[in-house]
Amino acid sequence: MPVSTSKYRYIDCDPDLCIGCQICEYVCSYAKTGEYNTYRSRIRTVRVDEVLITAIACRTCENAPCVIACPQNALIQDPNTGIIHIDAQKCDACAWCVEACDFGAISINPMTKLAEICDQCEDLEEGPQCVLWCPKEALSLTTPEQEAQKARKEVVKSIKEEILPNIPLNETTC
C-alpha cells in the first residue's frame with residue numbers, strides 16, 4: 001500500500017482498530033449528500049486480505065498527481081490545507097484524476113459527472129465526520145510527521161518490552 005507524500009493533514013485509518021463497519025462511509029455520504037449511500041462517500045473501507053480492513057480517503061499529497069493529471073485543470077489544491085477542490089465548470093469526468101491517485105481516493109459521481117474527493121468536511125466546524133463518528137476511533141486527522149512520531153514511540157516501546165528483558169545482565173555489565 002502506498003504511503004502518504006504530504007506535509008498536509010489527512011485522514012488516516014489504523015487497520016488494527018478498524019472493523020469494517022462502514023459507519024465512516026455512511027456518515028460521509030450523509031454529510032455530503034444528505035443520504036445514507038456508501039457509493040457517494042468520499043472515504044472507502046477496503047478489505048486488503050482476510051484479516052486486514054482499512055479506510056481510504058484523500059492523502060492531500062504534495063504535488064498531487066491527480067491535480068497534475070487533470071487535462072482540464074479542474075482540480076485545485078489549496079496551498080495552505082492541501083485539500084483538493086473540484087471546479088465543476090471545468091470537470092468533464094474524464095477520470096484521469098482517478099487513474100492518477102495511488103490511493104484510490106477519487107471517484108466520479110455518475111449523476112453529476114463530476115470528480116468527488118474528500119475535503120475533510122472543511123465546511124463543518126466539527127471537522128471530518130468520519131473521524132468524529134468512528135466507533136473504534138480507528139480514524140484520525142493527522143500529518144506524516146505525527147505518524148512518524150507515533151511509529152518511533154512504538155519502536156521504543158517494543159524495544160523496552162520485547163528486547164531489553166531478554167538481554168541477560170550480570171554484575172560486570174552495570
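How far is the sulfur of Cys58 from the closest cysteine sulfur? The distance is 6.1 Å, to the sulfur of Cys66, which is too far for a bond.

This is a predicted model, in which local features need pLDDT of at least 70, side-chain atom pairs count only at pLDDT 80 or more, and totals for chains, interfaces and linings use all residues. Residues are numbered from 1 along each chain as its sequence is written, and side-chain values use heavy atoms, with hydrogens and water left out.

**Cysteines**

A disulfide is a pair of cysteine sulfur atoms within 2.5 Å. By this rule the structure has zero disulfides. Cys97 is in none either, as its nearest cysteine sulfur, that of Cys94, lies 6.3 Å away.

**Accessibility**

The table uses relative accessible area: buried is under 20%, exposed is over 50%, and partly exposed lies in between (1.4 Å probe, protein chains only).

| Residue | Relative accessible area | Class |
|---|---|---|
| Cys58 | 7% | buried |
| Cys97 | 6% | buried |
| Tyr30 | 43% | partly exposed |
| Tyr36 | 56% | exposed |
| Ile167 | 42% | partly exposed |

**Aromatic pair**

Rings of Phe, Tyr and Trp (its six-membered ring) pair if their centres lie within 6.5 Å; planes under 30 degrees apart count as stacked, over 60 as edge-to-face and the rest as tilted. The structure holds one aromatic pair. Tyr30 and Tyr36 form this stacked pair, with 4.6 Å from centre to centre and 15 degrees between the planes.
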